[in-house]
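Here is a short note for a colleague opening this structure for the first time. Please read the numbered points with the model in view.

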Amino acid sequence: MNRHRSAPRAQKGPSQRQLRVGEVLRHTLADILRTNEIRDPDLEGVSVTVTEVRPSPDMRHATVFVEPLGGRNAETVVNALNRHRGFLRGEMGRQITLKFTPELRFVEDTSFAEAERIEGILKSPRVARDLRAGESMGTNEDDES
């Protein structure tokens, strides 16, 4: 039996270090996007929210989830941010103290749209009807007890 060989690790969530670094990167990027003017017509007058940053386990790459205010022109904004990722990485490197400043990849955060879609489904007349039917069935069960 070889004791030095570890069993393959089950797929787990991010480590505490990844979570901490992700938050530092998120705050730093949000500050950079708020204070620095990136000269690009696709970003002109656009307010961008950095919702999450997920660094890779080796911290050399990071996926940045962003959402433009109101969700309008998200694809255009994401493409513009990806065009300027070298500049943004350089600005981050000046502001944070990590061994490596990660390569950035910007993607649209669709969680807000998905939450809105689910909320719409939950408020639909069909779901309301099913909930009323479930309540009346529940009342009958309580009466039998």
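1. Start with Ala 74. Its relative accessibility is 7%, so Ala 74 counts as buried (buried means under 20% relative accessible area, exposed over 50%, partly exposed in between, with a 1.4 Å probe and protein chains only). Ala 74 belongs to helix α2. Helices (H or I, at least four residues) and strands (E, at least two) are DSSP runs, numbered from the N terminus. Ala 74 touches Pro 68 and Glu 108, leaving out residues up to four places away in sequence; contact means heavy atoms within 4.5 Å. Between Ala 74 and Val 48 there are 9.4 Å in space, C-alpha to C-alpha, and 26 residues in sequence.

2. A word on the basis. This is a predicted model, where local features need pLDDT of at least 70 and side-chain atom pairs count only at pLDDT 80 or more, while totals for chains, interfaces and linings use all residues. Residues are numbered from 1 along each chain as its sequence is written, and side-chain values use heavy atoms, with hydrogens and water left out.

3. Now the overall plan. The protein chain has five helices and three strands. Their order along the sequence is α-β-β-α-α-β-α-α. Of its 145 residues, 29% count as buried. Take the contacts between residues at least 6 apart in sequence: 65% of them join residues at least 24 apart.

4. Next, the strands. Two strands pair if DSSP finds at least two bridges between them. β1 and β2 are antiparallel, with seven bridges. Val 48 stands opposite Pro 68 of β2. β2 and β3 run parallel and are joined by six bridges. There, Thr 63 stands opposite Arg 105 of β3. Is β2 enclosed or open? Seven of its eight residues are buried, so β2 is largely enclosed by the rest of the structure.

5. Look at the hairpin. Five residues lie between strands β1 and β2. Met 59 is found in this loop. Its phi is positive, about 65°, although Met 59 is not a glycine. Most residues other than glycine have a negative phi. Met 59 is also buried, with a relative accessible area of 8%.

6. Which residues have the most contacts inside the largest nonpolar core? They are Leu 29, Val 64, Val 66, Leu 81, Leu 88, Leu 104 and Phe 106, in a core of 23 residues. A nonpolar core is a set of buried Ala, Val, Leu, Ile, Met, Phe, Trp, Tyr and Cys residues joined through side-chain atoms within 4.5 Å. At least two core residues come from each of α1 (16-35), β1 (48-55), β2 (61-68), α2 (74-83), α3 (85-95) and β3 (103-108). α1 gives the most, with five. Leu 29 touches Val 50, Val 53, Val 64, Leu 88, Met 92, Leu 104 and Phe 106, again not counting residues up to four places away in sequence. In soluble globular proteins, nonpolar side chains tend to be buried together.

7. Back to α2. Its buried residues are Ala 74, Val 77, Val 78, Ala 80, Leu 81 and Asn 82. The elements that cover them include α1, β1, β2, α3 and β3.

8. Check Glu 91 in helix α3. Glu 91 counts as buried, at 15% relative accessibility. Apart from neighbours within four places in sequence, Glu 91 is in contact with Ile 32 and Asn 36. Glu 91 and Leu 29 are 62 residues apart in sequence, and 8.6 Å apart in space, C-alpha to C-alpha.

9. Last, the rings. Arg 60 lies over the face of Phe 100, 3.5 Å from the ring centre. A charge sits over a ring if NZ of Lys or CZ of Arg is within 6 Å of the ring centre and within 35 degrees of the ring normal.
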